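Please review the following structural briefing. It is arranged by topic.

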Amino acid sequence: MNKLALYCRPGFEKEMAAEITDRAAALGIFGFARVQEHSGYVIFECYQPNDVDRLAREIPFNGLIFARQMLVVSDLLENLDPTDRISPIIRVFEKISAQVDIRLSAELFVETADTNESKELSTFCRKFTVPLRQALKKQAWLADKPNPKSGHFLHCFFVKPNCCYVGYSYTDNHSEHFMGIPRLKFPFDAPSRSTLKLEEAILTFIPRKEEEKRLNDRMVGVDLGACPGGWTYQLVKRGLFVYAVDHGKMAESLHETGRIEHCAEDGFKFQPPKRKKIDWLVCDMVEQPSRITNLIGKWLVNGWCRETIFNLKLPMKKRYQEVVQCLANLAEVLNQKGLTFKIQAKHLYHDREEITVHVVIK
Ligand SMILES: C[S@@+](CC[C@H](N)C(=O)[O-])C[C@H]1O[C@@H](n2cnc3c(N)ncnc32)[C@H](O)[C@@H]1O
(Lines give C-alpha, C1' and ligand atoms only; values in the text may rest on other atoms or scores of the structure.)
Protein backbone atom coordinates (compact mmCIF):
# COMPACT_ATOMS: atom_id res chain seq x y z
CA MET A 1 0.00 0.00 0.00
CA ASN A 2 1.27 3.46 -0.82
CA LYS A 3 -1.72 5.78 -0.49
CA LEU A 4 -2.88 8.09 2.24
CA ALA A 5 -6.48 9.33 2.08
CA LEU A 6 -7.25 12.68 3.68
CA TYR A 7 -10.81 13.91 4.06
CA CYS A 8 -11.34 17.66 3.89
CA ARG A 9 -14.08 20.23 3.32
CA PRO A 10 -15.14 20.14 -0.35
CA GLY A 11 -13.42 23.03 -2.14
CA PHE A 12 -10.25 22.79 -0.02
CA GLU A 13 -8.57 19.90 -1.83
CA LYS A 14 -5.73 22.08 -3.16
CA GLU A 15 -4.94 23.34 0.32
CA MET A 16 -5.05 19.78 1.65
CA ALA A 17 -2.74 18.62 -1.14
CA ALA A 18 -0.24 21.42 -0.54
CA GLU A 19 -0.22 20.76 3.18
CA ILE A 20 0.27 16.98 2.99
CA THR A 21 2.98 17.37 0.35
CA ASP A 22 4.86 19.81 2.63
CA ARG A 23 4.41 17.71 5.75
CA ALA A 24 5.52 14.49 4.04
CA ALA A 25 8.56 16.23 2.54
CA ALA A 26 9.52 17.45 6.02
CA LEU A 27 9.80 13.76 6.98
CA GLY A 28 11.85 13.04 3.88
CA ILE A 29 8.89 11.27 2.23
CA PHE A 30 7.99 12.16 -1.32
CA GLY A 31 4.98 11.50 -3.49
CA PHE A 32 2.18 13.28 -5.28
CA ALA A 33 -1.31 14.32 -4.33
CA ARG A 34 -4.25 13.49 -6.59
CA VAL A 35 -6.73 16.33 -6.45
CA GLN A 36 -10.26 16.23 -7.75
CA GLU A 37 -11.82 19.58 -7.00
CA HIS A 38 -14.88 19.59 -4.73
CA SER A 39 -14.50 15.85 -4.08
CA GLY A 40 -13.97 16.34 -0.33
CA TYR A 41 -10.78 14.26 -0.20
CA VAL A 42 -7.22 13.98 -1.46
CA ILE A 43 -5.18 10.85 -2.15
CA PHE A 44 -1.46 11.27 -1.49
CA GLU A 45 0.53 8.58 -3.27
CA CYS A 46 4.00 7.87 -1.85
CA TYR A 47 6.76 6.92 -4.28
CA GLN A 48 7.97 4.28 -1.79
CA PRO A 49 5.22 1.83 -0.69
CA ASN A 50 6.49 1.41 2.89
CA ASP A 51 6.47 5.13 3.55
CA VAL A 52 2.72 5.51 3.83
CA ASP A 53 2.36 3.75 7.18
CA ARG A 54 5.09 6.03 8.54
CA LEU A 55 3.11 9.08 7.41
CA ALA A 56 -0.01 7.81 9.17
CA ARG A 57 1.98 7.37 12.39
CA GLU A 58 4.43 10.26 12.27
CA ILE A 59 2.54 13.27 10.93
CA PRO A 60 0.64 14.39 14.03
CA PHE A 61 -2.98 14.44 12.92
CA ASN A 62 -3.73 17.37 15.24
CA GLY A 63 -1.05 19.33 13.44
CA LEU A 64 -2.77 19.05 10.06
CA ILE A 65 -4.91 22.11 9.39
CA PHE A 66 -7.09 21.00 6.49
CA ALA A 67 -7.50 17.27 7.25
CA ARG A 68 -10.66 15.95 8.86
CA GLN A 69 -9.36 12.39 8.78
CA MET A 70 -6.15 10.59 7.76
CA LEU A 71 -5.98 6.91 6.78
CA VAL A 72 -3.80 4.48 4.89
CA VAL A 73 -5.74 3.03 1.93
CA SER A 74 -5.54 0.36 -0.72
CA ASP A 75 -5.78 0.96 -4.44
CA LEU A 76 -9.31 1.88 -5.43
CA LEU A 77 -11.55 -1.20 -5.62
CA GLU A 78 -13.68 -0.66 -8.72
CA ASN A 79 -16.69 -2.41 -10.24
CA LEU A 80 -17.58 -4.21 -7.05
CA ASP A 81 -20.22 -6.86 -7.68
CA PRO A 82 -23.41 -5.61 -5.96
CA THR A 83 -24.24 -9.19 -5.02
CA ASP A 84 -20.91 -9.64 -3.21
CA ARG A 85 -19.02 -6.52 -2.33
CA ILE A 86 -17.69 -8.05 0.85
CA SER A 87 -15.29 -10.71 -0.54
CA PRO A 88 -12.92 -8.30 -2.37
CA ILE A 89 -12.93 -5.97 0.64
CA ILE A 90 -12.02 -8.86 2.93
CA ARG A 91 -9.18 -9.78 0.55
CA VAL A 92 -7.76 -6.28 0.95
CA PHE A 93 -7.97 -6.50 4.74
CA GLU A 94 -6.15 -9.84 4.43
CA LYS A 95 -3.29 -8.05 2.67
CA ILE A 96 -3.33 -5.28 5.25
CA SER A 97 -3.20 -7.80 8.10
CA ALA A 98 -0.04 -9.29 6.62
CA GLN A 99 1.66 -5.91 7.15
CA VAL A 100 -0.10 -4.33 10.12
CA ASP A 101 -1.55 -6.02 13.18
CA ILE A 102 -5.23 -5.09 12.79
CA ARG A 103 -6.52 -7.85 15.09
CA LEU A 104 -9.51 -6.78 17.21
CA SER A 105 -9.55 -3.28 15.77
CA ALA A 106 -11.54 -0.71 17.69
CA GLU A 107 -14.18 0.28 15.15
CA LEU A 108 -15.31 0.04 11.53
CA PHE A 109 -16.32 3.20 9.67
CA VAL A 110 -18.01 2.80 6.27
CA GLU A 111 -17.81 6.36 5.00
CA THR A 112 -18.22 8.72 2.06
CA ALA A 113 -16.90 12.18 1.30
CA ASP A 114 -18.86 15.11 2.72
CA THR A 115 -20.37 16.22 -0.61
CA ASN A 116 -23.98 16.64 -1.78
CA GLU A 117 -23.47 13.90 -4.37
CA SER A 118 -22.40 11.50 -1.62
CA LYS A 119 -25.54 11.99 0.46
CA GLU A 120 -27.34 9.10 -1.28
CA LEU A 121 -24.31 6.90 -0.79
CA SER A 122 -24.35 7.43 2.95
CA THR A 123 -27.63 5.52 3.32
CA PHE A 124 -26.03 2.59 1.52
CA CYS A 125 -22.93 2.90 3.75
CA ARG A 126 -25.02 2.73 6.89
CA LYS A 127 -26.72 -0.46 5.70
CA PHE A 128 -23.51 -2.02 4.40
CA THR A 129 -21.78 -1.49 7.75
CA VAL A 130 -23.82 -4.29 9.35
CA PRO A 131 -22.77 -7.25 7.11
CA LEU A 132 -19.21 -5.93 6.73
CA ARG A 133 -18.87 -5.63 10.49
CA GLN A 134 -20.00 -9.27 10.85
CA ALA A 135 -17.51 -10.44 8.24
CA LEU A 136 -14.65 -8.58 9.92
CA LYS A 137 -15.56 -9.92 13.35
CA LYS A 138 -15.53 -13.45 11.92
CA GLN A 139 -11.90 -12.87 10.92
CA ALA A 140 -11.18 -11.35 14.38
CA TRP A 141 -10.04 -8.13 12.73
CA LEU A 142 -12.80 -6.23 14.49
CA ALA A 143 -13.52 -6.47 18.21
CA ASP A 144 -16.97 -7.62 19.33
CA LYS A 145 -17.52 -4.35 21.14
CA PRO A 146 -15.83 -0.98 20.50
CA ASN A 147 -12.34 -1.65 21.80
CA PRO A 148 -10.60 1.42 23.26
CA LYS A 149 -7.33 -0.49 23.70
CA SER A 150 -6.87 -1.32 20.02
CA GLY A 151 -4.45 0.67 17.92
CA HIS A 152 -6.54 0.84 14.75
CA PHE A 153 -9.84 1.83 13.21
CA LEU A 154 -10.83 0.04 9.99
CA HIS A 155 -12.28 2.12 7.16
CA CYS A 156 -14.13 1.51 3.94
CA PHE A 157 -14.36 4.76 2.01
CA PHE A 158 -16.94 4.71 -0.79
CA VAL A 159 -16.48 7.21 -3.61
CA LYS A 160 -19.18 5.65 -5.80
CA PRO A 161 -21.73 2.87 -5.11
CA ASN A 162 -19.43 0.11 -6.33
CA CYS A 163 -16.14 1.80 -5.79
CA CYS A 164 -14.23 2.14 -2.53
CA TYR A 165 -10.89 2.46 -0.80
CA VAL A 166 -10.18 0.05 2.05
CA GLY A 167 -7.84 1.00 4.85
CA TYR A 168 -7.01 1.78 8.46
CA SER A 169 -6.17 4.68 10.73
CA TYR A 170 -4.23 4.82 14.00
CA THR A 171 -6.40 5.43 17.06
CA ASP A 172 -3.77 7.68 18.61
CA ASN A 173 -3.39 9.74 15.45
CA HIS A 174 -6.74 10.29 13.75
CA SER A 175 -10.18 11.79 14.24
CA GLU A 176 -12.35 9.60 16.42
CA HIS A 177 -15.44 10.91 14.57
CA PHE A 178 -17.30 9.23 11.73
CA MET A 179 -16.21 10.97 8.47
CA GLY A 180 -14.01 13.12 10.72
CA ILE A 181 -17.04 15.23 11.63
CA PRO A 182 -18.05 15.87 15.25
CA ARG A 183 -21.85 15.89 15.51
CA LEU A 184 -22.81 18.85 17.69
CA LYS A 185 -26.31 19.84 18.66
CA PHE A 186 -27.21 23.50 18.31
CA PRO A 187 -28.05 24.73 21.84
CA PHE A 188 -31.66 26.01 21.70
CA ASP A 189 -30.85 29.16 23.71
CA ALA A 190 -27.66 30.20 21.85
CA PRO A 191 -27.81 33.60 20.10
CA SER A 192 -26.22 32.49 16.81
CA ARG A 193 -25.15 29.41 14.87
CA SER A 194 -21.53 30.59 15.17
CA THR A 195 -21.66 29.23 18.68
CA LEU A 196 -20.94 25.78 17.22
CA LYS A 197 -17.59 27.03 15.86
CA LEU A 198 -16.31 27.84 19.33
CA GLU A 199 -17.83 24.70 20.80
CA GLU A 200 -16.10 22.56 18.19
CA ALA A 201 -12.84 24.50 18.72
CA ILE A 202 -12.91 23.86 22.47
CA LEU A 203 -13.63 20.15 21.82
CA THR A 204 -10.79 19.98 19.31
CA PHE A 205 -8.07 21.91 21.09
CA ILE A 206 -8.66 21.27 24.78
CA PRO A 207 -8.52 17.74 26.17
CA ARG A 208 -11.81 16.86 27.93
CA LYS A 209 -10.09 16.17 31.24
CA GLU A 210 -8.51 19.65 31.24
CA GLU A 211 -11.59 21.63 30.25
CA GLU A 212 -12.78 22.43 33.78
CA LYS A 213 -9.27 23.57 34.79
CA ARG A 214 -8.83 25.74 31.70
CA LEU A 215 -12.34 27.24 31.45
CA ASN A 216 -14.19 27.96 34.69
CA ASP A 217 -16.08 30.50 36.78
CA ARG A 218 -12.92 31.98 38.30
CA MET A 219 -11.88 33.17 34.85
CA VAL A 220 -12.41 36.27 32.75
CA GLY A 221 -12.60 36.35 28.95
CA VAL A 222 -12.65 38.94 26.21
CA ASP A 223 -14.63 38.33 23.01
CA LEU A 224 -13.62 40.63 20.13
CA GLY A 225 -16.36 40.90 17.49
CA ALA A 226 -18.82 39.34 19.91
CA CYS A 227 -22.29 40.18 18.54
CA PRO A 228 -24.85 38.72 18.72
CA GLY A 229 -23.05 36.50 21.24
CA GLY A 230 -22.66 32.89 20.07
CA TRP A 231 -19.03 32.71 21.24
CA THR A 232 -19.67 34.66 24.44
CA TYR A 233 -22.47 32.15 25.13
CA GLN A 234 -19.95 29.27 25.11
CA LEU A 235 -17.67 31.06 27.59
CA VAL A 236 -20.53 32.12 29.88
CA LYS A 237 -21.88 28.56 29.76
CA ARG A 238 -18.53 27.44 31.19
CA GLY A 239 -18.77 30.05 33.95
CA LEU A 240 -16.47 32.81 32.63
CA PHE A 241 -17.17 36.52 32.97
CA VAL A 242 -16.88 38.05 29.49
CA TYR A 243 -16.11 41.51 28.12
CA ALA A 244 -18.02 41.41 24.83
CA VAL A 245 -16.47 43.92 22.42
CA ASP A 246 -18.52 44.96 19.39
CA HIS A 247 -20.49 47.98 18.16
CA GLY A 248 -23.45 45.66 17.50
CA LYS A 249 -26.15 44.42 19.85
CA MET A 250 -25.64 41.50 22.22
CA ALA A 251 -28.48 39.02 22.83
CA GLU A 252 -30.63 40.03 25.79
CA SER A 253 -30.37 36.50 27.24
CA LEU A 254 -26.62 37.05 27.74
CA HIS A 255 -27.14 40.36 29.58
CA GLU A 256 -29.58 38.53 31.84
CA THR A 257 -26.86 36.12 33.00
CA GLY A 258 -25.06 39.00 34.71
CA ARG A 259 -21.83 37.45 33.39
CA ILE A 260 -21.07 39.90 30.58
CA GLU A 261 -20.13 43.51 30.08
CA HIS A 262 -20.85 44.85 26.62
CA CYS A 263 -18.12 47.22 25.37
CA ALA A 264 -19.23 49.06 22.21
CA GLU A 265 -15.67 49.64 21.02
CA ASP A 266 -13.30 48.86 18.19
CA GLY A 267 -11.78 45.41 18.77
CA PHE A 268 -8.44 46.58 17.39
CA LYS A 269 -8.21 49.39 19.98
CA PHE A 270 -9.79 47.69 22.99
CA GLN A 271 -7.48 47.00 25.91
CA PRO A 272 -8.26 44.93 28.99
CA PRO A 273 -9.59 47.01 31.89
CA LYS A 274 -6.78 48.05 34.28
CA ARG A 275 -5.97 45.61 37.08
CA LYS A 276 -8.14 42.94 35.41
CA LYS A 277 -6.41 39.68 34.69
CA ILE A 278 -7.79 38.27 31.45
CA ASP A 279 -7.48 34.51 31.02
CA TRP A 280 -9.03 34.04 27.61
CA LEU A 281 -9.23 36.05 24.41
CA VAL A 282 -11.55 34.90 21.64
CA CYS A 283 -11.94 36.73 18.35
CA ASP A 284 -14.30 36.21 15.41
CA MET A 285 -13.94 39.60 13.66
CA VAL A 286 -14.16 39.50 9.87
CA GLU A 287 -10.82 41.05 8.89
CA GLN A 288 -7.65 40.31 6.94
CA PRO A 289 -5.90 37.32 8.53
CA SER A 290 -2.61 39.20 8.89
CA ARG A 291 -4.33 42.01 10.84
CA ILE A 292 -5.92 39.46 13.17
CA THR A 293 -2.66 37.59 13.82
CA ASN A 294 -0.88 40.88 14.55
CA LEU A 295 -3.60 41.78 17.02
CA ILE A 296 -3.44 38.38 18.74
CA GLY A 297 0.36 38.63 18.84
CA LYS A 298 0.02 42.00 20.59
CA TRP A 299 -2.29 40.55 23.27
CA LEU A 300 0.00 37.59 23.95
CA VAL A 301 3.25 39.55 23.93
CA ASN A 302 1.79 42.17 26.30
CA GLY A 303 0.67 39.39 28.61
CA TRP A 304 -2.97 40.55 28.32
CA CYS A 305 -4.15 36.91 28.01
CA ARG A 306 -2.61 33.44 28.27
CA GLU A 307 -4.88 31.47 26.00
CA THR A 308 -6.80 32.36 22.86
CA ILE A 309 -9.02 30.93 20.13
CA PHE A 310 -9.54 33.02 17.01
CA ASN A 311 -10.67 32.70 13.43
CA LEU A 312 -8.66 33.59 10.36
CA LYS A 313 -10.94 34.39 7.43
CA LEU A 314 -9.22 32.99 4.36
CA PRO A 315 -8.49 35.06 1.27
CA MET A 316 -9.81 33.96 -2.15
CA LYS A 317 -6.43 32.88 -3.46
CA LYS A 318 -3.28 31.30 -2.01
CA ARG A 319 -5.21 30.27 1.06
CA TYR A 320 -2.69 27.69 2.27
CA GLN A 321 0.29 30.04 1.79
CA GLU A 322 -1.52 32.83 3.64
CA VAL A 323 -2.28 30.58 6.61
CA VAL A 324 1.29 29.27 6.81
CA GLN A 325 2.65 32.82 6.62
CA CYS A 326 0.31 34.18 9.31
CA LEU A 327 1.08 31.34 11.72
CA ALA A 328 4.83 31.67 11.08
CA ASN A 329 4.65 35.42 11.78
CA LEU A 330 2.77 34.84 15.01
CA ALA A 331 5.27 32.18 16.14
CA GLU A 332 8.15 34.53 15.35
CA VAL A 333 6.68 37.36 17.43
CA LEU A 334 6.16 35.02 20.40
CA ASN A 335 9.63 33.53 20.02
CA GLN A 336 11.22 36.98 19.95
CA LYS A 337 9.57 37.69 23.29
CA GLY A 338 11.02 34.41 24.63
CA LEU A 339 7.59 32.90 25.27
CA THR A 340 6.96 29.15 25.39
CA PHE A 341 3.75 28.42 23.56
CA LYS A 342 1.71 25.92 21.57
CA ILE A 343 -0.13 26.86 18.37
CA GLN A 344 -2.76 24.58 16.85
CA ALA A 345 -4.87 25.37 13.81
CA LYS A 346 -7.75 23.48 12.23
CA HIS A 347 -10.25 23.92 9.45
CA LEU A 348 -13.17 22.85 11.63
CA TYR A 349 -16.38 21.29 10.32
CA HIS A 350 -18.29 24.44 11.34
CA ASP A 351 -15.75 26.72 9.63
CA ARG A 352 -16.43 27.75 6.07
CA GLU A 353 -13.93 30.10 4.37
CA GLU A 354 -11.91 30.33 7.56
CA ILE A 355 -9.77 28.33 9.94
CA THR A 356 -9.66 28.36 13.72
CA VAL A 357 -6.46 28.83 15.68
CA HIS A 358 -5.65 28.08 19.32
CA VAL A 359 -2.63 29.44 21.16
CA VAL A 360 -1.68 28.76 24.75
CA ILE A 361 1.26 30.28 26.59
CA LYS A 362 2.92 27.68 28.80
C1 LIG B 1 -18.95 36.84 12.46
S2 LIG B 1 -19.58 38.08 13.50
C3 LIG B 1 -19.28 37.41 15.09
C4 LIG B 1 -20.28 36.41 15.51
C5 LIG B 1 -20.09 36.00 16.96
N6 LIG B 1 -18.82 35.32 17.17
C7 LIG B 1 -21.20 35.09 17.41
O8 LIG B 1 -20.91 33.92 17.69
O9 LIG B 1 -22.34 35.53 17.53
C10 LIG B 1 -18.37 39.31 13.39
C11 LIG B 1 -18.61 40.48 14.32
O12 LIG B 1 -17.41 41.25 14.34
C13 LIG B 1 -17.76 42.59 14.54
N14 LIG B 1 -16.62 43.42 14.15
C15 LIG B 1 -16.04 43.55 12.93
N16 LIG B 1 -15.02 44.42 13.01
C17 LIG B 1 -14.95 44.82 14.30
C18 LIG B 1 -14.12 45.72 15.00
N19 LIG B 1 -13.12 46.36 14.39
N20 LIG B 1 -14.32 45.90 16.31
C21 LIG B 1 -15.33 45.25 16.96
N22 LIG B 1 -16.15 44.39 16.34
C23 LIG B 1 -15.98 44.19 15.03
C24 LIG B 1 -19.01 42.78 13.69
O25 LIG B 1 -19.78 43.86 14.19
C26 LIG B 1 -19.71 41.43 13.88
O27 LIG B 1 -20.69 41.51 14.91
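This is a predicted model: local features need pLDDT of at least 70, side-chain atom pairs count only at pLDDT 80 or more; totals for chains, interfaces and linings use all residues.

Residues are numbered from 1 along each chain as its sequence is written, and side-chain values use heavy atoms, with hydrogens and water left out.

**Ligand site**

- The ligand is surrounded by 16 residues, and the closest are Ser 192, Gly 230, Asp 246, Gly 267 and Asp 284 (a residue is near a molecule if one of its heavy atoms lies within 4 Å of it).
- This shell divides into six nonpolar, six polar and four charged residues; Ala, Val, Leu, Ile, Met, Phe, Trp, Tyr, Cys and Pro count as nonpolar, Asp, Glu, Lys and Arg as charged, and the others, Gly among them, as polar.
- Ser 192 places a polar side-chain atom 2.8 Å from an oxygen atom of the ligand, and a polar backbone atom of Gly 229 lies 3.1 Å from an oxygen atom of the ligand; a polar contact is a pair of N or O atoms within 3.5 Å.
- An N or O atom in the side chain of Asp 284 is 2.8 Å from a nitrogen atom of the ligand.
- On its own the ligand has 600 Å² of accessible area, of which the protein covers 76% (Shrake-Rupley method with a 1.4 Å probe).

- The structure holds one cavity of 30 Å³ or more; on a 1 Å grid over the protein atoms alone, a cavity is a set of points where a 1.4 Å probe fits but cannot get out, and lining residues have an atom within 4 Å of a point.
- The largest cavity contains about 40 Å³ of space, a volume being the space filled by probe spheres set on the points.
- Its lining consists of Tyr 7, Cys 8, Gly 40, Arg 68, Thr 112, Ala 113, Asp 114 and Met 179, which divide into four nonpolar, two polar and two charged residues.

**Aromatic pairs**

- The whole structure contains 16 aromatic pairs (ring centres within 6.5 Å; planes under 30 degrees apart count as stacked, over 60 as edge-to-face and the rest as tilted).
- Tyr 168 and Tyr 170 pair edge-to-face, at 5.8 Å centre to centre with 80° between the planes, and both residues are buried (under 20% relative accessible area, 1.4 Å probe, protein chains only).
- Phe 241 and Tyr 243 are also edge-to-face, because their ring centres are 5.4 Å apart and their planes stand at 75°.
- Tyr 243 counts as buried at 6% relative accessibility.
- One aromatic cluster is formed by Tyr 7, Tyr 41, Phe 157 and Tyr 165; Tyr 7 also lines the largest cavity.

Methods:
On a 1 Å grid over the protein atoms alone, a cavity is a set of points where a 1.4 Å probe fits but cannot get out, and a pocket is an open set with protein on both sides within 12 Å along at least five of seven lines; lining residues have an atom within 4 Å of a point. A polar contact is a pair of N or O atoms within 3.5 Å; within protein, one must be able to donate a hydrogen and the other to accept it, and residues adjacent in sequence count only if both atoms are side-chain atoms. Rings of Phe, Tyr and Trp (its six-membered ring) pair if their centres lie within 6.5 Å; planes under 30 degrees apart count as stacked, over 60 as edge-to-face and the rest as tilted. Buried means under 20% relative accessible area, exposed over 50%, partly exposed in between (1.4 Å probe, protein chains only).
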